[in-house]
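Here are my notes on the aromatic rings, as numbered points. Please read them with the model open.

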Amino acid sequence: MDLFDKINKNMGGPIGQHQKWSHGYFSFPHLEGEIHPHMIFKGKSHLVWSLNNYLGLANHPEVREADAQAAADYGMAYPMGARMMSGNTKQHEELENNLAVFVGKEAAFLLNYGYQGMVSIIDALVDRNDVIIYDAESHACIVDGVRLHMGKRFVYKHNDIESFEKQLERAQRMVEQTGGGILVITEGVFGMSGAQGKLKEIIELKDKYTFRLLVDDAHGFGTMGLKGSGTHEAQDCVDGVDLYFGTFAKSMAGIGAFIAADTEIINYLRYNMRSQTFAKALPMPMVIGLKKRFELLKTNPQLRENLWVIARALQNGLVEQGFDIGVTNTMVTPVFLKGDLTEATSLTMELREKYGIFCSIVVYPVIPKGLIMLRLIPTALHTLDDVQHTLDAFSAVSARLNDGQYKVNKMAIA
């Protein structure tokens, strides 16, 4: 019995083999009212591993119904103002309160966008007397937020606690002179490598140093931990995270984000985050749709369980076939190959054209020269058949890459 037979048996039968239906540009199989991860690309159906849809909620029938009904009831314009002016509603507050409880914090604040939200959080939290310390592989939104900082900022080697403490020592000496504070920023799940941030080890250093910890858990919210509350839940260090940032774009397949912390901090941010103070509130259909997505996230643990079944099957299968998947210990699945840009492009196009597989490709300067990274994002709606097809395809294109067959091809144009 191979890996997939074992998982099928444990799950009570195969996941897959579903009736197909079409909608717009996409073609999906039907899975208990949900949508299978296929799309039409250049007129052909492709299996997609590049979706921001971890739990399969993007086109869930209840989500679609909630979105449509809210749009019919309120239109897309309401509420017509910023939260501080005429844009606040009970729906916004209810979603915030529920999110805060779920991630283990006193209060939460809705944000219109994840990227913009993180930039504005950093800008609001620090002044020229403060010092920021952040992980070297932080997401671009963190980097852009740090660039706005008028004081000192120090970067530590990715997930390297020794390097982190050295920067803490530097920062501590500096704030003793300026009278400022230290803000540490890292991620719960790093979206490229799939590695978890070392939250617990960072928090342990609070015994020696004084700082506040801001965690960007865009990929961890809804996917990590027993309840899906996040990476801080998975690492059993909820209280040590001072500010928890989650987005709706990944597990909830929506738009917007939130920041959760002590009530005092959240009240400060409500009145000092310029991106929210001077921006219209999230439209009511989005808020009501997010409430439905959040309800499904909390009450359907099988969605998260299916996500992890697929992630483990994919990663175990890749490792068994000799692929390098780096240091991932989450559902994010990078696959590292050796090759140049021409080979990477030809390989990717063959995956699409011959095997019907659409996945993200990452090359230099994001990763070192001579390496190709294919980034796979499993979802609750992928099947074990999808995994097996992908493993077979990767095995075939890897063999062609190692034989040098992609060197002779002209660079394909996507």
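**Notes on the aromatic rings**

1. Phe248 is buried, with a relative accessible area of 0% (buried means under 20%, exposed over 50% and partly exposed in between, with a 1.4 Å probe and protein chains only). Phe258 is buried too, at a relative accessible area of 0%.

2. This is a predicted model, in which local features need pLDDT of at least 70, side-chain atom pairs count only at pLDDT 80 or more, and totals for chains, interfaces and linings use all residues. Residues are numbered from 1 along each chain as its sequence is written, and side-chain values use heavy atoms, with hydrogens and water left out.

3. There are nine aromatic pairs in the structure. Rings of Phe, Tyr and Trp (its six-membered ring) pair if their centres lie within 6.5 Å; planes under 30 degrees apart count as stacked, over 60 as edge-to-face and the rest as tilted. One of the pairs is Tyr74 with Tyr78, which is stacked, at 5.7 Å centre to centre and 15 degrees between the planes. Tyr74 is partly exposed, with a relative accessible area of 36%, and Tyr78 is partly exposed, with a value of 36%.

4. Phe248 and Phe258 have ring centres 5.8 Å apart and planes at 25 degrees, so this pair is stacked.

5. One aromatic cluster is formed by Phe102, Phe221, Tyr244, Phe248, Phe258 and Phe294.

6. Two charges sit over rings. A charge counts if NZ of Lys or CZ of Arg is within 6 Å of the ring centre and within 35 degrees of the ring normal. Arg170 lies over the face of Phe154, 4.0 Å from the ring centre. The charged end of Arg352 is over the ring of Phe358, at 4.3 Å from its centre.
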